[in-house]
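Take a look at the fold below before reading on. The paragraphs that follow go from the whole chain down to single residues.

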Amino acid sequence: MARDLMKEVQICKDMLQAIGLKVPTVEYKLNGRYKKVYGRCTVYNATGRITIQIKKSLMEESYPVDFLHSTIIHEMIHAIDHNKHKHSGEWLEMAELVNDCYSNITIQQYCTIEELQACHDKHTFVMECKECGFRFNRISYKAPKWFAHPQKYKCTCSCNLGNAIRYKDGVKVG
């Protein structure tokens, strides 16, 4: 049985209000097409309308309710901030306030590979640059081009990725 979105939204609004954060008027929707994100806040500057879309599968009872609340609150903080600071500045201050006040809620700037993996029946592809240690991550049914043909790509540090360390589902590959 799936959870009720508006009931969960109200719980999250109450949590934010209890620590002095007021959520503006927002339209909430479920999105069944999201593959790489759990939620998205969109602010339409011309009209002032704000929508928050939550990944539909998060409403299933199999997902921890605290993870659902963390996702909804993460997007609500974007709404409070009108998406002005993305994941820094005032947004980050509000996220830290929530984390300090609620031990069961974890507001992060981005989700981890492990969290994404839990939501998909896909493979995790990771490539780590030997020079700078930067990690490229992708969850997909098939290997991304940069993983399949690393010699054709460069890292953010400008070195060739042909020598990078590659992992598929946590296991080192060739």
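**The chain as a whole**

Of the 174 residues in the chain, 41% are buried. The model is a predicted one. Its C-alpha trace spans about 50 × 40 × 35 Å along the principal axes. The chain has 5 helices and 7 strands. Read from the N terminus, the elements run α-β-β-β-α-α-α-β-β-α-β-β. Residues 24 or more positions apart account for 52% of them.

**Two helices that pack**

Start with the packing of helices. Two packed helices are described by the angle between their axes and the distance between the axes. Here, helix α1 (residues 5–18) and α2 pack at an angle of about 65°. Their axes are 9 Å apart. The crossing of α1 and α2 is right-handed.

Which residues of α1 and α2 meet? From α1 come L5, E8, V9, I11, C12, K13, M15 and L16. From α2 come V65, L68, H69, I72, I73, M76 and I80. By class, this contact of α1 with α2 has 12 nonpolar, 1 polar and 2 charged residues.

D4 lies in the segment before α1. With a relative accessible area of 46%, D4 is partly exposed, because exposed requires over 50%. D4 and M59 are 55 residues apart in sequence, yet their C-alpha atoms are 7.3 Å apart in space. A18 is found in helix α1. At 62% relative accessibility, A18 counts as exposed. A18 and I50 are 32 residues apart along the chain, and their C-alpha atoms are separated by 22 Å.

**Aromatic pairs**

Next, the rings. The count comes to 5 aromatic pairs. Take Y38 and F67. Their ring centres are 4.8 Å apart and their planes stand at 85°, so the pair is edge-to-face. The cut-off behind that label is an angle over 60 degrees. Y38 lies in the loop between β1 (27–31) and β2 (39–44), while F67 lies in helix α2 (residues 65–80), so the pair ties together parts that are 29 residues apart in sequence.

Are the two residues buried or exposed? Y38 has 7% relative accessibility and counts as buried. F67, at 21%, counts as partly exposed.

A second pair is tilted. F136 and W146 are 5.8 Å apart, centre to centre, with 45° between the planes. This pair links distant parts of the chain, 10 residues apart. F136 is in strand β5 (residues 135–140) and W146 is in helix α5 (residues 145–148). Both F136 and W146 are buried.

Ring pairs link F125, F134, F136, W146 and F147 into a cluster. One of these rings has a charge over it. The charged end of R166 sits over the ring of F147, 5.0 Å from its centre. Elsewhere, R49 lies over the face of Y44, at 4.5 Å from the ring centre.

Finish with the backbone. Most residues other than glycine have a negative phi, and most peptide bonds are trans. Where does the model show a positive phi in a residue other than glycine? K86 is one of these cases, with phi near 50°. K86 is found in the loop between α2 and α3 (89–101). With a relative accessible area of 53%, K86 is exposed.

S158 also has a positive phi, about 80°, although it is not a glycine. S158 is found in the loop between α5 and β6 (165–168). The relative accessible area of S158 is 53%. That is over the 50% cut-off, so S158 is exposed.

Definitions and conventions. Residues are numbered from 1 along each chain as its sequence is written. This is a predicted model: local features need pLDDT of at least 70, side-chain atom pairs count only at pLDDT 80 or more; totals for chains, interfaces and linings use all residues. Side-chain values use heavy atoms; hydrogens and water are left out. Rings of Phe, Tyr and Trp (its six-membered ring) pair if their centres lie within 6.5 Å; planes under 30 degrees apart count as stacked, over 60 as edge-to-face and the rest as tilted. Helices (H or I, at least four residues) and strands (E, at least two) are DSSP runs, numbered from the N terminus. Buried means under 20% relative accessible area, exposed over 50%, partly exposed in between (1.4 Å probe, protein chains only). A charge sits over a ring if NZ of Lys or CZ of Arg is within 6 Å of the ring centre and within 35 degrees of the ring normal. Axes are lines fitted to C-alpha atoms, for helices over the stretch in contact, and angles run from 0 to 180 degrees between N-to-C directions. A crossing is left-handed if the near helix is turned anticlockwise from the far one by less than a right angle, and right-handed if clockwise. Contact means heavy atoms within 4.5 Å. Ala, Val, Leu, Ile, Met, Phe, Trp, Tyr, Cys and Pro count as nonpolar, Asp, Glu, Lys and Arg as charged, and the others, Gly among them, as polar.
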